[in-house]
There are 2 protein chains.
Amino acid sequence: MSAASDLADRLHSTAIHLLRRVRREDAGAGLSAPQLSALSVIVFRDGLTLGELAHAEQVRPPTITRIVAQLEAAGLALRSRRASDKRVTIVKASAKGAKLLEEGRRRRIAVLASEVVRLTRRELADLERAADLLERLVGPRAPHPK
Amino acid sequence: MSAASDLADRLHSTAIHLLRRVRREDAGAGLSAPQLSALSVIVFRDGLTLGELAHAEQVRPPTITRIVAQLEAAGLALRSRRASDKRVTIVKASAKGAKLLEEGRRRRIAVLASEVVRLTRRELADLERAADLLERLVGPRAPHPK
DNA sequence: TGTATTTAGTTAGCAAAGCTAAGTATATTC
DNA sequence: GAATATACTTAGCTTTGCTAACTAAATACA
């Protein structure tokens, strides 16, 4: 139990540090980490609804409303109503958004991957497997009974 | 290069999701993730200075000033001046702080480790190694030339 | 049909995180 | 002993995240 406890602690701590580390670079691209994260999902799953995006990003509706509004204001994403149900909002990435995502990714690489590429092949494989596991651990899944 | 890029992206994304995941539980303990992270360092390295803590946490001085002020207001940490140099502030954990850290840790476990303990021994070993690597990647190290 | 409920998203307003710029107080330098 | 450097603080800004309360559209039901 203590081993799992320690590990969870370390993951928590490294997550905080990782985000602090990339924060400034992301800012250089003009986008915050949450904005980039959302944009990434939008590009990857083009045409999803705000609700789906909120679920994927594990935030509450008001939060995703605002983030998408920012992306839209920056000309990176587009919103439209679904014809068959005018309550739902469809989000798509603009060409500019897709392009900027690629740039943001490159910047992040400069910070993370400049170190990552120095790893041995074996260490890289470890990290890859760990990323799989982490995605399973923290992926969307009805987080809490409200 | 694209492999490293993808990996960096995934780590970035999982870091965001992990923190969102534990956010509510930490809130349940009355502490935010940054507060818990700082408290953890304070408990682990009792008697460090604010500057050292800021460096360990990779934030700017004003940020650490505020976080420690919050911990102090909550009765979890204590500040004192160093006799030999009255500019520097020494931070220590109170008994209450050490106790609460253990509780916060337990709560986080409930979220992360409830899944973590379900992993196979081999997966756990992967994650452990990954945590080592991540700590190396994102640990304190003069991040940017101001 | 026509009210009542549910669903999708928004608006308002709050606390905290992070920052920079500018201030204070103590040490150090010359 | 005046000038500079160091350690931290204060002020003020933007962004994140939340809950609570609202609007508008769809569905239920009677």
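The model is predicted; local features require pLDDT of at least 70 and side-chain atom pairs count only at pLDDT 80 or more, while totals for chains, interfaces and linings use all residues. Residues are numbered from 1 along each chain as its sequence is written, and chains are lettered from A and ligands numbered from 1 in the order in which they are written.

Chain A contains 6 helices and 3 strands, where helices (H or I, at least four residues) and strands (E, at least two) are DSSP runs numbered from the N terminus. The order of elements from the N terminus is α-α-β-α-α-β-β-α-α. Of its 146 residues, 38% are buried; a residue is buried if 20 or more other C-beta atoms, placed from the backbone, lie within 10 Å of its own. Contacts are defined by C-beta atoms, placed from the backbone, within 7 Å. Among contacts in chain A between residues at least 6 apart in sequence, 54% join residues at least 24 apart.

The 3 strands of chain A form an open antiparallel sheet in the order 1-3-2. Strand 1 (48-49) and strand 2 are the edge strands, each pairing on one side only. Pairing requires at least two DSSP bridges between two strands. Strand 2 (residues 77-82) and strand 3 of chain A run antiparallel and are joined by 6 bridges, and a hairpin connects them through 2 residues. Within this pair, Arg81(A) has Thr89(A) as its bridge partner, and Arg82(A) stands opposite Asp85(A). In chain B, strand 2 (residues 77-82) and strand 3 also pair in the antiparallel sense over 6 bridges. They form a hairpin with 2 residues between them, and Arg82(B) stands opposite Asp85(B).

Helix 2 of chain A has 12 residues and spans 16 Å from its first C-alpha to its last, close to the 16 Å expected at 1.5 Å a residue, the expected span being 1.5 Å times one less than the number of residues. Its buried residues include Leu36(A), Ala38(A), Leu39(A) and Ile42(A), as well as Gln35(A) and Ser37(A). Not counting residues up to four places away in sequence, Leu39(B) touches Leu71(B), Leu76(B), Ala77(B), Ala93(B), Gly97(B) and Leu101(B).

Helix 4 of chain A gives the most, with 5 residues.

Around DNA strand C there are 23 residues, and Gly51(A), Pro61(A), Pro62(A), Thr65(A) and Arg60(B) come nearest. Here the elements with two or more residues are helix 3 (50-57), helix 4 and strand 3 of chain A, and helix 2 (33-44), helix 4 and strand 3 of chain B. Helix 4 of chain B has the largest share, 5 residues.

Definitions and conventions. A residue is near a molecule or strand if its C-beta atom, placed from the backbone, lies within 6 Å of it. A residue is buried if 20 or more other C-beta atoms lie within 10 Å of its own, exposed if 12 or fewer, and partly exposed in between; C-beta atoms are placed from the backbone. Two residues are in contact if their C-beta atoms, placed from the backbone, lie within 7 Å.
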